[in-house]
Structures are given as C-alpha cells and as structure tokens.
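This report describes selected features of the structure shown below.

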Amino acid sequence: MRINRREFLQLTGAAAAGVALGPLAGCGSSGGGSSSASGTLTVWGFTGAIEGVQNQIKAFEKKYPKVNVKLRLFSYDDIHANLLSAILSGTGAPDLASIDDSRLASYVEGLAPMNAHLSQYQSQFVPPTISLSSYRGNFYGLVTDSEPMGMLYRKDLWDQYGLNADAIETWDDLAAASAKMQSASGGKVHLYALNDNDTAAYEILAVEQGFGGFYFDTQDRKVIVDQPAIIDAVTALKRLWDAPGVLQNPSGGYSGNAMTALLKKGTIATCIVSPGWYPQTLVQNMPEQAGKWRLTRVPAVTRGGRRAGYQYPTVFVVPNQSNMKSLAWELEVMGLTGVGARHLYAVDHVLPAWAPFFDELKAKPDPFFGGQKVVEVWNAIAHDCPPIAFGKGFLQAQSIVSTHLTDILTGKVTPAVGMKTAASELRSKLHLS
Amino acid sequence: MIGVNTAHRSLAARSWPARLLLYLGLCVFAAAFLAPFYWMIISALRPQSEFYQIPIPVIPSHLTLQDFVLLFQRSEFGRGLLNSAFLAFVSVVLQVFFSSLAGYTFAKLTFRGKDVLFTAMLATMMIPYMVTIIPNYIIMAHLGWIDTYWPLIIPGIANAFGIFWMRQYCQSIPSELLDAARIDGAGEFMIYWRVVVPLIQPALASLAIFVFLSTWNDFLNPLVFLRNQDLFTVQLWLAVVSHEGNVGQPAIVMAGSVLASIPVLLIFIFMQKRFVAGLTAGSIK
Amino acid sequence: MALVARAGSITRSPRGAARWWAKVAPYVFISPFYLLFLAFGLLPILFSLGVSLFNWQGVAQAQFTGLSNYGVLLTDPDFLTALGNTVIVWLGSTVPMVFLALAFAAVLNAQRLRLRGFFRTVYFLPVVTSLVVTGLIFSVLFDPSIGLVNDALHAVGIAPINFLSDPNWMKPTLIMALLWRWTGNDMVIMLAGLQSIPGDIYEAATVDGATGRQAFWRITVPLMRPIILFDFIISTIGAFNLFEEPYVLFGGSAGNIGGTQNAGLVTGTLIYQNSFVFFNFGYGAAIAWVVAFIIFVLSMLQLKLGNKPVD
C-alpha cells in the first residue's frame with residue numbers, strides 16, 4: 001500500500017511543526033519493494049508477544065538470504081515511548097513493532113495501513129481481533145492473542161458455601177450471592193473483590209451495553225459515557241460494589257499483588273475481571289489449586305442481555321518510515337499464523353487469535369479448570385462481542401472515568417451526575433462532541 | 001587522636017543502660033531497613049509459585065536456583081552487569097573530577113559573574129527531565145550517537161548536582177591553606193590537585209557513591225538511546241524479564257535485583273571507609 | 001618550591017603569566033559544565049518551552065495555541081490536586097528525613113561505636129533495594145486483608161486501614177516509603193559533611209565543659225549549614241520530580257496513575273502521564289515549566305535564607 005510523497009511529508013513534517021528540528025531523513029522511497037530482498041529488517045517487541053516472530057526469523061532469513069533481521073527486546077511498558085520518539089524524530093523507527101492495541105490510535109498517522117491484506121486475513125482471525133486493529137476504516141496489523149473477558153471461580157468454595165454458578169445470570173444475581181457467601185462463611189471468604197476506580201469492570205459493562213468503543217463511538221468522534229445505557233451499567237456496578245461481603249480495594253487492582261496473594265490464600269473465591277491471559281497468572285502462582293477453578297461467562301447487566309467483554313491485545317504494526325514494508329508484513333504473518341503462532345501460544349499460554357489453532361484447542365480439556373473445555377467458552381464470549389475500537393483519547397478517558405467512578409461507587413454522587421461530569425470533562429479535554 | 005569522633009566522647013562516657021538503649025534503637029531501624037532486602041534474597045531463592053505465599057517465611061523451606069537460571073536464559077544478564085559497571089566507572093571518574101574542580105572554584109575562587117553563573121547552573125537542575133527526552137533523542141539521532149554509549153556518558157559530565165555538592169563542601173576549606181600555597185607560588189590547578197583534593201576525600205567518596213548509584217540505576221537514558229542488546233545495561237534487562245506479556249515474573253526480577261545490588265554495595269562499603277576527618281589532616285602548624 | 005622553578009622556566013614574565021592564569025583559571029575550571037550544557041542541555045529545554053505553546057498530541061499535527069495550555073493548567077483540577085499533594089509530600093518527607101539523616105550520621109560517626117560500618121551499610125540498603133521490591137513490600141505489608149501492619153492494628157482493636165487506596169492514608173504511606181528508602185542516602189551526605197568539621201573545635205568545647213547535646217546544636221548544626229541547605233534544595237527538586245515511588249505504589253493501570261481520587265498523584269507522575277501515556281506533549285511541557293518555576297522560587301528562597309555567613 002503506497003502513500004504519495006505529499007501525504008508522507010505532511011506526516012513527518014507535522015511532527016516538527018513550529019520547531020527547527022525534525023528531519024525528514026531516511027524517507028526516500030515510499031512503500032517497500034517486495035522484490036528487493038536485501039538489507040536489515042529491524043523488529044521491536046516484548047516478551048509475551050514476540051515469541052512467534054522470533055521463532056520464525058530463521059525461516060524468514062532462509063527465504064530471503066540477503067536480509068538480516070535484527071530483533072530488539074523491550075519491556076511491555078517501554079516500547080511505546082521509544083516508538084513514539086522514533087516516529088517523531090523521523091528516524092530510527094523499526095520496520096515492525098508490537099504495541100498495545102489500546103494505543104494504536106495515537107500512532108496511526110505514523111503507521112502504514114495494511115488494507116490490501118485485510119480480506120485475506122479477516123477469516124483467519126477470531127472476531128473481534130480484526131476490528132480492534134483498525135482505526136476509522138484503516139487496518140494496521142495482526143494481533144497476538146484474543147482477550148475476551150470471562151469470570152473465573154473456585155468451584156470447590158462455591159460448592160462448599162452452597163452457591164451455584166449456573167444460577168448467576170446478572171450482576172445483581174452475583175451481588176445477592178455475595179451476601180449469601182458472607183453469611184455462610186462467616187466473613188472468612190469473599191465472593192469477589194472490586195476496586196472503586198476499576199475501569200476494567202466498567203469496560204466489561206460498556207461492551208455488554210453494546211459500546212465497542214468503551215468511552216467513544218467506534219469512529220472516535222463522540223463521547224458516549226453519559227448515554228442512558230452506560231448510566232444503567234454504572235448503576236449496576238454500584239449495586240455490585242454495595243453488596244455485603246465484597247472485598248473492597250485490594251491494592252493494585254484485579255491483577256495486582258494483593259489480589260494474587262488473597263486468591264492464593266483462598267480469601268477470594270471469584271475473579272470477575274478476567275481477560276483471556278489472566279488464567280496463566282493463577283497457574284503460575286497457585287499451582288496447588290489446579291482442578292478447583294472453572295470458567296464461566298460474566299453476568300449480564302439485564303436478564304437475557306449480552307454476557308461478554310473484551311480487553312486489548314498486542315498488535316503488530318509497520319511504521320511509515322520503513323522501506324521494507326512488504327517484507328515486514330510477511331514476517332508478521334509468519335510470526336502470527338501457522339508455525340509461528342503455535343510457538344507463541346505454546347510459550348506464552350495466551351488465548352490464540354489465529355482461528356485455525358483456536359478451533360483445534362476447543363476440544364482440549366484444561367486440567368487447571370478440572371477438565372473443562374475452556375477454549376469453547378472463550379470462543380463463545382469472543383463471538384458475542386460487538387466490533388471493538390480504541391479512540392485516540394482512550395487512556396485519558398480511562399483516567400477521567402476512573403476518578404469519577406470512585407466518586408460514584410463511594411456514594412459521593414449519583415451515577416447519572418458522575419458520568420455526565422466525566423463526559424463533559426472528556427469532551428473539553430479532547431475537543432470531541 | 002583528632003577527629004570529629006571525640007565530640008561524641010560523651011557517647012563512651014554514658015552509662016550502660018543508655019548505651020544499650022542506643023544500640024537497641026539502632027537495631028530496630030536496622031531491622032526495618034534490612035528486612036525487605038532479606039526478603040528480596042529469600043524470594044530469589046524460592047520458586048515463582050511460592051512468591052505470593054502469605055505469611056512470608058523467615059527461613060524458606062526449599063531453596064532453588066531456578067530463578068537465576070531463568071534469568072540467564074531469558075536475558076544476557078552477565079553482559080548487562082559488565083556494561084553497567086563500565087558505564088558507572090567511567091561516569092564516576094569523569095563526573096567526580098569535573099564536578100570537584102568546578103565546585104571548588106565556585107566555593108573558594110573569586111571571579112566576576114560568579115553568583116550569576118552559579119545561580120544559572122542551579123536553574124538548569126530545575127527543569128523536569130522527562131520533557132527533554134524526546135528533543136534529546138532527536139539531537140543524538142542527528143549526531144549518530146543512537147545505539148552508542150556516548151549519550152550516556154558525555155552530557156552527564158555536566159553534573160550540576162555534583163558541582164553544587166562540591167561547592168557546599170568546599171566552603172569549609174580554610175582559605176589560609178590556599179593562600180599559603182599561592183604565596184609558595186603554586187599554580188591554580190596545582191592548588192586544586194595537591195592541596196584541595198586530599199582535603200575533600202569524604203566529599204569525593206560520597207559523590208562517587210551517588211554517581212555510581214544514579215548511573216547504575218538509570219533506566220530512562222539507556223532505554224531511549226540503546227538499540228543493540230549487546231549494549232544493554234542491567235536495568236534494561238530487569239525490565240525485559242519483568243513480564244512475560246501481561247504476567248509478572250517477580251521472582252526472576254528478585255534474582256536479577258540481588259545480583260545488581262552487589263556492585264553498588266561493594267562500592268559503598270569501599271567508599272564509606274573514607275569518611276574520616278579530612279579537613280584536619282592538613283592542619284597548619 | 002619546585003613549582004615556582006617550573007613556572008619560572010616556562011614564561012618570560014612568571015608573575016604576569018601567573019596573574020593572568022589566576023584570573024582566567026576559574027572560568028576554565030567551570031567551563032566544561034557550560035560548554036556541555038550549551039551543546040546538549042539548552043536546545044531540549046528551549047524545545048520543550050516551545051512545545052508548551054502548542055496543542056500537540058502524539059503523532060498528529062501540532063497547532064499553535066499560545067499560552068492556552070497554561071490557562072487550562074491553572075484551573076485543571078488534576079494539576080491543582082497534584083500540586084497540593086506534592087507540597088504535602090515535600091514537606092512531610094524532607095523535614096523529617098534531613099533531621100533523621102543528621103541524627104543517624106552523628107551517631108554512626110562516633111569512633112567508639114561498635115559495628116559502625118555494618119550499621120552504615122544496612123542503613124544504606126534501602127537505597128540499593130530494587131524499586132520493584134519496595135513496591136511489593138509496601139503493597140503486601142500494608143494490605144487491609146493480609147498485611148502485617150493491619151494485623152497489628154487489629155490486635156489493638158483498630159479497624160483495617162486501606163493504606164494504599166484510602167485517600168486519607170495514601171500520602172502518609174508514600175511519605176513513609178520515601179523516608180524508608182532515602183534516609184540512608186541523606187545519611188551519606190551528612191556523614192561526609194561531618195568530616196569537614198575540625199576536631200579541635202570539639203576539643204575546645206569539651207574543655208569549656210560543653211555536653212554532647214550542646215556540642216551538637218551549637219557547633220555541629222551551624223557548621224553543617226551548607227550541607228543541610230544542599231540537602232533541602234536537592235530534596236525540593238526531588239520532591240517535585242518524584243516519579244518512581246508514587247508510580248509503583250499507586251499506578252495500578254496506565255490510565256489511573258494517581259490512585260483513588262488522584263490522592264497519590266504528584267507533579268512528577270502527572271507530567272509522565274500527560275507526556276508518555278496520553279501523548280499530550282504540549283500540555284505535559286506546560287506542566288513541567290510551571291513546576292520548574294515553582295522549584296526555582298522555592299530553591300532561591302531557601303538559598304537566601306540559608307546563606308547567612310557562618311561564623
């Protein structure tokens with residue numbers, strides 16, 4: 001996919017607007033020549049996402065003997081600042097990089113759209129992974145894993161205290177069950193934990209209400225956090241918070257240290273916020289609990305409503321600066337499909353995004369979950385999700401909503417007032433409607 | 001024997017209950033300071049699956065080296081240690097020399113514009129570093145210094161903190177000593193080198209500790225300027241192994257942190273021996 | 001003596017050359033700093049000043065907005081919260097830390113103290129302990145359900161306190177973490193400073209009949225004034241730039257760095273959040289410059305107050 005020189009200069013020149021710095025170096029040709037098979041291909045990635053591509057480097061170099069692949073490892077948090085610096089300064093960007101999908105929108109002006117490849121891979125990837133690596137109609141790359149939101153629970157504890165997971169359909173059912181757990185266990189075991197600033201919980205409910213853009217519409221032009229359906233959802237969250245026996249505010253949130261320690265100790269019986277990658281945390285830190293856990297759907301906001309949420313995987317992108325775009329894409333495909341994908345999933349135990357492998361796993365029983373065929377459940381959740389999208393102001397929206405969520409849950413303001421205030425703050429800071 | 005120590009001769013003369021209380025107090029603080037470090041070592045010697053076990057055992061049940069093995073499998077940590085040591089050593093030598101020279105100058109020499117220059121230097125410390133990272137990167141990219149150690153060494157020589165520290169310390173150098181040396185005909189640099197430097201050993205030693213520590217712990221600069229894994233420092237590797245995707249790997253980080261803390265501790269132990277009264281060593285008779 | 005002979009053999013007019021060098025030497029000695037600063041420090045600072053006048057978000061196009069970022073800043077509840085929190089943390093940690101450090105240094109300087117080197121090293125350990133460990137320790141130790149601190153409180157009949165999530169307790173916990181982590185570092189500064197006091201003064205004082213405590217307050221503290229002043233100013237700069245500890249303790253997710261109701265948000269994390277999470281560079285730069293101005297004013301005040309001549 002080629003962009004013309006004028007658009008290209010606009011992109012890199014924009015980065016240096018008003019300041020003398022900002023070279024346009026290293027940007028001679030636009031679009032990689034797929035026929036030219038020599039040079040250095042730079043790849044940036046982090047452990048937990050890069051293993052598939054890493055595994056395929058040898059095979060790739062065999063196919064293109066004159067191309068040398070250089071891989072640089074980052075930590076999960078740090079790759080974004082570096083990629084940004086490189087794109088802004090017009091030099092030093094890699095040919096292929098893995099970034100968090102929630103930040104994709106911040107980079108799009110510096111990335112090469114891959115629309116030409118979309119139709120070929122659309123069917124090869126589990127929904128909604130293709131939609132979330134697109135922004136305003138442009139497709140930017142493949143994802144490493146799928147992250148539907150489920151609910152994990154300790155069947156042995158639920159049984160012990162007379163609770164039945166199949167009877168839970170709505171969040172209010174869960175809140176009622178919490179009271180039951182509280183009295184049955186004498187306060188020793190909490191059914192679930194919740195943080196008053198937990199945007200992950202909000203995001204599950206937003207998707208359940210049909211808002212795949214979480215805080216915005218999927219075209220990233222409107223703020224939606226004050227929509228009536230969202231206010232209903234937040235009200236349900238408040239009831240969840242107010243339920244007797246809730247363990248409130250474990251430090252570090254749903255994936256923090258306190259939560260892990262409490263789960264290991266058996267003080268908490270359920271993880272209500274559980275992305276597809278979360279089970280690995282349990283397997284790693286409390287192997288002695290194997291066989292006691294089960295996976296089920298998250299409850300719905302209204303009876304009969306959607307019971308699905310989604311988080312944000314890692315996406316591989318090709319910066320515009322690269323003059324080996326086609327080769328980068330090819331390496332990306334090799335790393336995220338076929339042999340590369342199998343290797344990635346074997347090493348990282350994440351939920352596959354590549355559909356063929358995902359389908360293979362569906363029939364496999366998982367010993368940690370007592371032989372349950374968990375991938376089937378994850379699959380059903382993923383298919384139930386509306387198209388997912390991340391706006392440019394996603395992280396800022398998280399921060400603002402988080403603050404107001406605390407006020408709402410602690411009872412300082414009503415959900416309607418809190419979300420309306422959050423919406424107006426968002427609109428002014430992001431210049432949206 | 002001359003030394004500040006005699007001021008606290010009263011310490012020795014105190015009754016033994018008071019001394020016991022003092023040692024008790026010292027030990028309470030020592031326990032608070034030591035305990036987390038001890039936990040760090042213990043966690044590094046236990047498997048990851050036991051990391052979150054509450055209550056934390058004082059003596060672990062079974063020890064293993066698997067965290068260290070995984071650390072070296074998933075990174076080039078040994079190389080990282082050498083790289084960090086090299087960077088730290090070079091930085092210490094350069095920064096201690098240039099800072100002490102400039103600090104002494106601000107403290108004891110008179111020249112026009114001294115106050116303005118000093119204030120301006122202090123002012124440079126006040127801009128939060130974070131907002132200069134990206135323009136810094138652009139400059140280094142233009143110089144072709146990305147993926148080298150130059151950005152990590154050269155700009156650091158201008159260490160306002162170090163100069164400030166030396167200036168404060170050098171204020172207590174008796175001017176008579178310097179005047180005497182001048183009368184003897186010594187040049188300005190010789191005065192610094194032969195007279196001042198021996199007197200300010202404690203300040204030099206402590207600055208060495210600070211520079212070593214800040215270079216060793218520096219994460220942001222190596223992150224932004226280095227590309228090639230062969231050049232990675234210890235902190236970069238620690239960050240790399242800290243997560244497998246979203247899943248944290250604290251036990252491995254503990255193993256790496258234990259190894260990373262050893263050189264700094266050695267430097268500290270070596271340098272703190274020099275905290276003996278230096279300004280009296282050259283007393284005029 | 002040999003120095004004079006050498007100088008004489010080099011120039012024709014040794015006195016003149018020496019006098020010229022004596023005039024020029026100070027500038028030469030301080031020049032490395034300024035040269036390097038001009039080469040590497042100045043441009044980025046000017047760049048960030050320029051950026052603060054733009055609405056520049058991520059890779060998108062920047063638009064000139066003049067001083068509007070500063071205008072938004074002064075009424076932004078997040079900024080005002082961060083500023084207030086920072087001042088509280090600054091005062092709450094700096095003042096006790098300086099005094100604790102001086103006390104430790106004084107005690108650990110006594111020659112007759114046993115295990116002096118051991119205690120010094122142990123007190124320095126927190127500085128060397130990894131930040132990850134510090135964060136882990138504090139989150140586990142102070143957790144309301146499983147933490148030892150709350151167990152102890154429970155034993156005395158006090159309800160569990162959520163140290164890291166209760167807005168009333170977050171700053172005291174941060175201050176405690178800072179005191180634990182950095183007092184040893186300050187202690188090194190004070191230990192070094194104590195060596196600059198000649199022993200004769202103490203001898204004279206003891207002869208005059210001064211007690212240990214009198215010697216400390218009448219001699220040690222005044223003579224340590226340049227060092228104490230240094231420590232206060234460095235701590236001021238550090239407090240307003242503080243990033244790592246609040247981030248590790250409160251920054252659960254990238255979108256919520258300040259913790260509950262932003263009670264743990266400080267200027268350092270706010271700048272980071274705007275620049276490297278939201279990619280809102282213009283705004284982040286504006287915050288940085290306002291903070292720089294505040295630090296400058298506070299530091300100059302401290303210098304003025306502290307620079308009275310030492311007798």
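## Contact between chains B and C

The contact takes 83 residues from chain B and 84 residues from chain C, two residues being in contact if their C-beta atoms, placed from the backbone, lie within 7 Å. On the side of chain B that touches chain C, 61 residues are nonpolar, 20 polar and two charged. Here Ala, Val, Leu, Ile, Met, Phe, Trp, Tyr, Cys and Pro count as nonpolar, Asp, Glu, Lys and Arg as charged, and the others, Gly among them, as polar.

The model is predicted: local features need pLDDT of at least 70, side-chain atom pairs count only at pLDDT 80 or more, and totals for chains, interfaces and linings use all residues. Residues are numbered from 1 along each chain as its sequence is written, while chains are lettered from A and ligands numbered from 1 in the order in which they are written.

## The sheet of chain A

Four strands of chain A form an open sheet with mixed pairing, in the order β2-β1-β3-β12. Its edge strands, each pairing on one side only, are β2 (66–74) and β12 (314–317). From one strand to the next the twist averages 20°. Strands (E, at least two residues) and helices (H or I, at least four) are DSSP runs, numbered from the N terminus, and two strands pair if DSSP finds at least two bridges between them.

Strands β1 (residues 38–46) and β3 (residues 96–100) of chain A pair in the parallel sense over two bridges. A:Trp44 stands opposite A:Ala97 in β3(A).

## Nonpolar core

The largest nonpolar core has 318 residues. Such a core is a set of buried Ala, Val, Leu, Ile, Met, Phe, Trp, Tyr and Cys residues joined through C-beta atoms within 7 Å. A residue is buried if 20 or more other C-beta atoms lie within 10 Å of its own, exposed if 12 or fewer, and partly exposed in between. Among the residues with the most contacts inside the core are A:Leu83, A:Val225 and B:Phe212. Leaving aside neighbours within four places in sequence, A:Val225 is in contact with residues including A:Tyr215, A:Met419 and A:Leu426.

## Helix α13 and backbone features

In α13(A), 10 of the 12 residues are buried, so this helix is largely enclosed by the rest of the structure. A:Gly338, whose phi is positive, near 60°, follows α13(A).

The peptide bond from A:Pro127 to A:Pro128 is cis, with omega near -5°. A:Phe214 has a positive phi of about 60° although it is not a glycine, and A:Phe214 is buried, with 27 other C-beta atoms within 10 Å.

Methods:
Axes fitted to C-alpha atoms, helices over the stretch in contact; angles between N-to-C directions.
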